[in-house]
Amino acid sequence: MIELENMAYSYGGGELLSDISLKLSPGSFHFLTGPSGAGKTTFLKLCYGALVPTSGEVRLFGQEVREMSRDDHALTRRRIGVVHQDCQFLDHLPMADNVALPLTVSGRDNLDHLSDLKELLSWVGLSKRAEALPPTLSGGERQRAALARAVIMSPDVVLADEPTGNVDWDMSQRLLRLLIELNRMGKTIMIATHDLNLIRAAKNQVQARVLRIAGRKLQLAGADL
Amino acid sequence: MSGLGQRLTALVTGDAQADRVVPPSGVTARLTGFAAAAMAFLTVFALALSLASGRLAARWGDELAHSSTLRISAPAGQMAEQTARALRVLETTPGIASARALTHEEQRALLAPWFGPDLPIETLPVPQLIEIAETETGYDATGLRLRLRAEVPGAVLDDHVRWRKPLERAAARLRLLGWLSILLISAATAAMITLAAQAALAANAQVIAVLRLVGAQDAYIARAFVRRFTLRALGGAALGTALGMAAVLLLPAAQPEGGFLTGLGFRGVDWVWPVLIPPLAALVAYLATGAAARRTLSELS
């Protein structure tokens, strides 16, 4: 579904990622780690077509990103749920409307999916905060709302960029459990994080590949984790 | 239904959910309404000017086109004989419906504005005027002048051409200026709405980024902005048009002595024309905002 082949990405005159090949197979679970500034967020953006590689190929569901139109990208993003580190909401809309935004923009009537939305908000523990505006949500609530928004279209892949970056350990565990639950439903998950404790905690619950970006290359992390 | 028809239907009916994704109106949307209202107000006057010019040109043409004047200057003893001879010539000229010598009272009335009502016209060497009414086909002015020169040496034929042509030309120019003003106002409206839409799109770059993140296509994003600006322009133009029509209605009624200015306004079916201004302003806004949205979304990608 997402394939990278000899991909490199340069930014500001310097090469940030070099000669990376990876294939995300359906139902797989990946952690992406590395030091701050290593290029984890850039890597994720390349994985959903927000950035175009400088060289090599990135194929999303069989389509090479350079050959995709803006509409193709929009349709692809309905199949790839993204949880941003800063969540990115429309601050003038209540949280429930933000979660339902992928349904809205795809032309589906939110009322037809009201029960799905309620179930989803209950799943992420935000039923009572449905009408709250995003600026009034706590860090953990924002992360869970972003996760709910990422999965409301039942995407094939969920990419999460530091989903536990702004929350305490208990909330990190809760978010991790939600992502593992999604994986058990058959979704492909990739979590970019610098929190090694989170990766260690996940090892007992899910079979995950841990990838590390170091020296512009993507490596399979060893047993040191 | 055609693609354009579907788009217009979607524009009118709207989508409550889609409308909400764009933040509540900012100052640019309010300015769009104000600009559309002001432009519609001006368009009503430009339209009134243009239509009045058209009526004026037609009136001047009609009034002067089918009438002529024969002026006879002759010694007092020959005036009656030359007048009678001229009338005979005119009665036998094809294209002339009637010819009539003005009475002393009528000639006195014509001169009254300059010399007062008591002018002793009978004792003065004032030329005799003959009023000529033409048929629809008109007469051969050159042939008539030749005959008159031979039979009535003191007669001078004035077929009003030298008056009528410059007046008709002036009225046509005035009408052209009116339409040109409407075109310029439309272009200025499109330019203002384009700038306002571009500013609104640029100010909402973050909103657009979120919409794209969750899979919104450009057409969806553009539609949300286009609908908002189109409806603003429609509302503003409707208000401006209503005010403009009220102002035209309150202009003084046309008076014969008032000339052109008191005839500025709409007559009969002319009142339908300004009603078309709001939908046309909305169409201009729809096209301008659509083009601005496509360009801005392309730049933001």
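## Domains of chain B

The domain assignment divides chain B into domain 1, made of residues 3-61 and 174-300, and domain 2, made of residues 74-153. The model described here is predicted. Between the C-alpha centres of domain 1 and domain 2 of chain B the distance is 57 Å.

## The sheet of chain B

Chain B contains an open sheet of 4 strands, arranged in the order β2-β3-β1-β4 with antiparallel pairing.

Strands of a sheet pair through backbone hydrogen bonds, in either a parallel or an antiparallel manner. In chain B, strand β1 (residues 67-72) and strand β3 (residues 128-134) are paired in the antiparallel sense over 6 bridges. One residue pair illustrates this arrangement: I72(B) has Q128(B) in β3(B) as its bridge partner. Helix α4 (residues 79-91) of chain B lies across β1, β2, β3 and β4 of chain B, and its direction makes an angle of about 170° with β2(B).

## Helix packing in chain B

Two packed helices are described by the angle between their axes and the distance between the axes. For helix α7 (residues 161-203) and helix α9 (residues 218-249) of chain B, the axes come within 11 Å and cross at roughly 140°. Helices α7(B) and α9(B) are therefore oblique to each other, and their crossing is right-handed. On the α7(B) side, I193(B), A196(B), A197(B), A200(B) and L201(B) take part in the contact, and they meet F225(B), F229(B) and A233(B) of α9(B). By class, this contact of α7(B) with α9(B) has 8 nonpolar, no polar and no charged residues.

Helix α9(B) also packs with helix α11 (residues 277-300) of chain B: their axes come within 8 Å and cross at roughly 150°. Because angles over 145 degrees count as roughly antiparallel, α9(B) and α11(B) are described as roughly antiparallel to each other. Their crossing is right-handed. Residues of α9(B) in this contact include F225(B), F229(B) and A233(B), while those of α11(B) include A281(B), A285(B) and Y286(B). The contact of α9(B) with α11(B) has 17 nonpolar, 4 polar and 2 charged residues.

## The sheet of chain A

In chain A, 6 strands form an open sheet with mixed pairing, in the order β6-β7-β8-β3-β9-β10. The edge strands are β6 (80-83) and β10 (217-220) of chain A, each of which pairs on one side only. From one strand to the next, the twist averages 20°.

Within this sheet, strand β3 (residues 29-33) and strand β9 (residues 209-214) of chain A are paired in the parallel sense over 4 bridges. Here H30(A) has R209(A) in β9(A) as its bridge partner. Helix α7 (residues 169-184) of chain A lies across β3, β7 (157-161) and β8 (188-192) of chain A, running at about 155° to β8(A).

The contact between chain A and chain B takes 19 residues from chain A and 19 residues from chain B. On the side of chain A that touches chain B, the elements giving two or more residues are α2 (70-77) and α4 (101-105) of chain A. Helix α2(A) supplies the largest share of this side, with 5 residues. By class, the side of chain A that touches chain B has 9 nonpolar, 5 polar and 5 charged residues.

Key:
Residues numbered from 1 in each chain as written. Chains lettered and ligands numbered in written order. Predicted model: local features only at pLDDT ≥ 70, side-chain atom pairs only at ≥ 80, totals over all residues. Pairing = 2+ DSSP bridges. Contact = placed C-beta atoms within 7 Å. Axes fitted to C-alpha atoms, helices over the stretch in contact; angles between N-to-C directions. Domains from an automatic or database assignment. Parallel < 35°, antiparallel > 145°, perpendicular 65-115°, else oblique. Left-handed = near helix turned anticlockwise from the far one by under 90°. Nonpolar A, V, L, I, M, F, W, Y, C, P; charged D, E, K, R; others polar.
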